[in-house]
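Here is a quick tour of the model, written for someone who would rather look at the structure than at tables. Keep the viewer open while you read.

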2 protein chains.
Amino acid sequence: MIRIGIVGYGNLGRGVECAIKNSPDMELVAVFTRRDPKSVSILTKGVPVVHSDLAEEWKDKIDVMILCGGSATDLPSMTPKFVEMFNVIDSFDTHAKIPTHFANVDEVAKRKHHLALIAVGWDPGMFSINRLYGNAILPQGKDYTFWGKGVSQGHSDAVRRIAGVKNAKQYTVPVKEALDAVRAGLDPELSTRQKHTRECFVVLDKNGDATAIENEIKTMPNYFADYDTTVHFISEEEFAKNHSGMAHGGFVIRSGKSGVSLENSHIIEYSLKLDSNPEFTTSVLVAYARAAYKMTKEGAYGCKTVLDVPPAYLSEKSGEELRASLL
Amino acid sequence: MIRIGIVGYGNLGRGVECAIKNSPDMELVAVFTRRDPKSVSILTKGVPVVHSDLAEEWKDKIDVMILCGGSATDLPSMTPKFVEMFNVIDSFDTHAKIPTHFANVDEVAKRKHHLALIAVGWDPGMFSINRLYGNAILPQGKDYTFWGKGVSQGHSDAVRRIAGVKNAKQYTVPVKEALDAVRAGLDPELSTRQKHTRECFVVLDKNGDATAIENEIKTMPNYFADYDTTVHFISEEEFAKNHSGMAHGGFVIRSGKSGVSLENSHIIEYSLKLDSNPEFTTSVLVAYARAAYKMTKEGAYGCKTVLDVPPAYLSEKSGEELRASLL
């Protein structure tokens with residue numbers, strides 16, 4: 001049995017806990033939290049909730065620690081700290097800061113001979129793998145990544161910070177015509193505006209001014225100004241009923257050519273349609289926790305990403321079984 | 001530069017040659033053939049065509065030999081023979097015989113400390129990787145593989161062997177309603193007949209009896225009896241004009257559940273739409289030849305498959321570049 005620990009018990013932590021239940025070769029050993037452990041009630045009976053400060057006492061009882069913190073403020077310090085004591089895996093997803101995070105984690109991991117798998121999830125993660133495969137197989141070609149339809153947490157937060165907004169959810173929606181053109185092999189050059197639209201559902205405060213708020217959203221730099229944005233003002237009841245989910249998804253497409261004079265076109269498409277973004281992310285995390293465990297058994301250490309992991313390591317089956325059953 | 005040799009110069013050999021031209025880190029060193037080398041004219045200027053019997057003289061001049069033989073009669077002996085002398089890669093695609101082929105190749109590869117990557121292509125190959133990722137990430141779920149629309153060489157051959165048939169091409173076509181049901185997360189149980197239809201385009205000999213031939217095709221065990229098959233009789237001109245291509249493709253879909261009581265559904269879909277089946281297969285082969293080279297530089301040997309290869313090894317970029325550009 002692979003002994004797993006969870007650090008942080010929000011949406012991700014709960015998702016990891018559920019995914020472990022579906023993995024017969026893994027057991028949840030403990031959940032670590034910065035809150036008062038007595039205030040945290042988990043789903044798995046008999047598993048202790050422990051304060052993060054006491055994690056070191058669990059050094060020899062956990063094979064892989066799954067770090068379920070946020071990328072903005074938790075993981076930049078959490079991952080280097082925990083890799084001092086454990087093999088770790090995180091879902092760090094701020095693309096631009098991955099090289100820095102990698103370097104920080106790698107330094108500690110190498111010194112401590114622990115393994116860290118960072119940036120595990122679907123983007124970065126499965127989408128990255130598919131971008132890489134597409135580029136390597138069809139070097140003459142173009143990459144396209146579309147996201148959605150799905151909830152963007154960052155954009156929802158940006159709308160919620162506007163004065164007069166009580167609650168808000170933002171959906172990123174891929175533009176169907178753009179997707180169709182890519183799939184048809186037309187290799188279009190697409191602007192930001194042509195690839196995605198943004199749709200906001202907003203609950204107003206008593207004194208919220210709908211016109212002013214709609215204008216503030218649509219002109220917000222970085223978040224909305226470069227997109228065609230639709231704003232719907234709805235009641236709290238409708239918000240609770242129709243906009244509490246965390247669905248997401250997206251598409252990675254490689255359009256490439258082959259042949260003596262590049263006369264043949266090929267389309268490789270990878271897509272995800274997810275009822276629950278955090279539960280899918282944590283399903284990926286748990287599969288890679290298995291891979292991390294196998295890699296440590298072969299002596300691997302230092303910081304790695306999904307790009308460094310052989311697919312077979314994600315499975316509980318042997319190479320022989322995999323070759324016979326699904327190769 | 002990675003020094004590549006090609007064994008066999010048919011559709012696959014030519015495809016490998018084209019793909020190497022798009023790989024700035026590779027050079028084609030020689031093409032080996034069982035035919036009279038003087039009778040074989042290749043696309044790349046200045047590269048020698050050599051008789052296969054003389055391959056051993058090239059032992060120290062080639063890093064990876066790409067074996068472009070057929071799975072039925074060539075590769076079962078060709079791969080074990082060439083791995084005596086070289087690191088090799090093949091596209092062996094008879095799924096049921098992979099374990100035997102693997103064992104035969106592995107024995108020699110281990111003894112000679114050479115690396116062999118077998119069963120590289122898209123199915124087996126990229127489709128296998130996607131089946132594996134899907135299973136590992138969503139262990140509670142169902143797998144679906146659909147092929148087409150595309151030309152099945154084996155089925156086309158079977159029709160051509162019927163007396164009275166001058167030429168024939170068979171297309172495997174996925175059933176749209178079945179694909180839609182899978183994508184909608186309905187997890188249907190699909191019979192062979194419900195997943196694919198078969199469409200044949202047949203040119204008759206002077207004395208060919210259309211009614212008898214159509215009946216013989218539709219009732220042919222293993223090949224057609226379990227499918228809804230359509231047979232079109234066409235002229236040689238129409239055949240040459242519309243049915244000389246080698247397009248293919250397909251879909252690998254994992255439909256899975258997550259959550260405390262598996263209440264959330266997820267669909268992972270990987271699809272290919274290929275103008276040229278052999279050229280895409282060889283594009284995959286060439287990317288994996290790069291991976292094989294990198295693995296030998298780290299001391300790897302024995303027989304491996306795509307399931308054993310970290311994605312990053314397919315790229316000519318460094319880990320650092322990959323993390324910064326596409327992770």
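Predicted model: local features only at pLDDT ≥ 70, side-chain atom pairs only at ≥ 80, totals over all residues.

## How the two copies relate

What about the surface through which the copies meet? Of the interface residues of chain B, 100% are also interface residues in chain A, so the two copies use the same surface.

For chain A, the average pLDDT is 96, and 100% of the residues score at least 70. The complex as a whole gets an ipTM of 0.96 from the predictor, along with a pTM of 0.96.

## A helix contact between the chains

Now for a spot where one chain touches the other. Helix H10 (residues 277-297) of chain A packs on helix H4 (residues 126-137) of chain B at an angle of about 105 degrees, and their axes are 8 Å apart. Angles of 65 to 115 degrees count as roughly perpendicular, so H10(A) and H4(B) fall into that group.

From H10(A), the residues making the contact are Phe280(A), Ser283(A), Val284(A), Ala287(A), Tyr288(A) and Arg290(A), while H4(B) brings Tyr133(B), Ala136(B) and Ile137(B). Sorted by class, that contact has 7 nonpolar, 1 polar and 1 charged residues.

Within chain A, helix H2 (residues 75-83) and helix H3 (residues 98-112) pack at an angle of about 10 degrees, with axes 8 Å apart. Angles under 35 degrees count as roughly parallel, so H2(A) is roughly parallel to H3(A). On the H2(A) side you'll find Leu75(A), Pro76(A), Thr79(A), Pro80(A) and Val83(A); on the H3(A) side, His101(A), Asn104(A), Val105(A), Val108(A), Ala109(A) and Lys112(A). By class, the residues of this contact come out as 7 nonpolar, 3 polar and 1 charged.

Most residues other than glycine have a negative phi, and most peptide bonds are trans. Here are some exceptions to look up.

In chain A, the peptide bond from Gly148(A) to Lys149(A) is cis, with omega near 0 degrees. Lys149(A) sits in the loop between strand S7 (141-147) and strand S8 (150-151) of chain A. Chain B has a cis bond joining Gly148(B) and Lys149(B), with omega about -5 degrees, and Lys149(B) is in the loop between strand S7 (141-147) and strand S8 (150-151) of chain B.

Then there are the positive phi values. Leu262(A) isn't a glycine, yet has a phi of about 55 degrees; this residue lies in the loop between strand S12 (248-258) and strand S13 (264-274) of chain A. Is Leu262(A) buried, partly exposed or exposed? Leu262(A) is partly exposed, at a relative accessible area of 33%. His113(B), also not a glycine, has a positive phi of about 55 degrees. Find His113(B) in the loop between helix H3 (98-112) and strand S6 (115-117) of chain B, where the residue is exposed with a relative accessible area of 51%.

Definitions and conventions. Residues numbered from 1 in each chain as written. Chains lettered and ligands numbered in written order. Heavy atoms only, no water. Helix = DSSP H or I, 4+ residues; strand = E, 2+ residues; numbered from the N terminus. Buried < 20%, exposed > 50% of the residue type's maximum accessible area, 1.4 Å probe, protein only. Contact = heavy atoms within 4.5 Å. pLDDT = per-residue confidence, 0-100. Axes fitted to C-alpha atoms, helices over the stretch in contact; angles between N-to-C directions. Parallel < 35°, antiparallel > 145°, perpendicular 65-115°, else oblique. Nonpolar A, V, L, I, M, F, W, Y, C, P; charged D, E, K, R; others polar.
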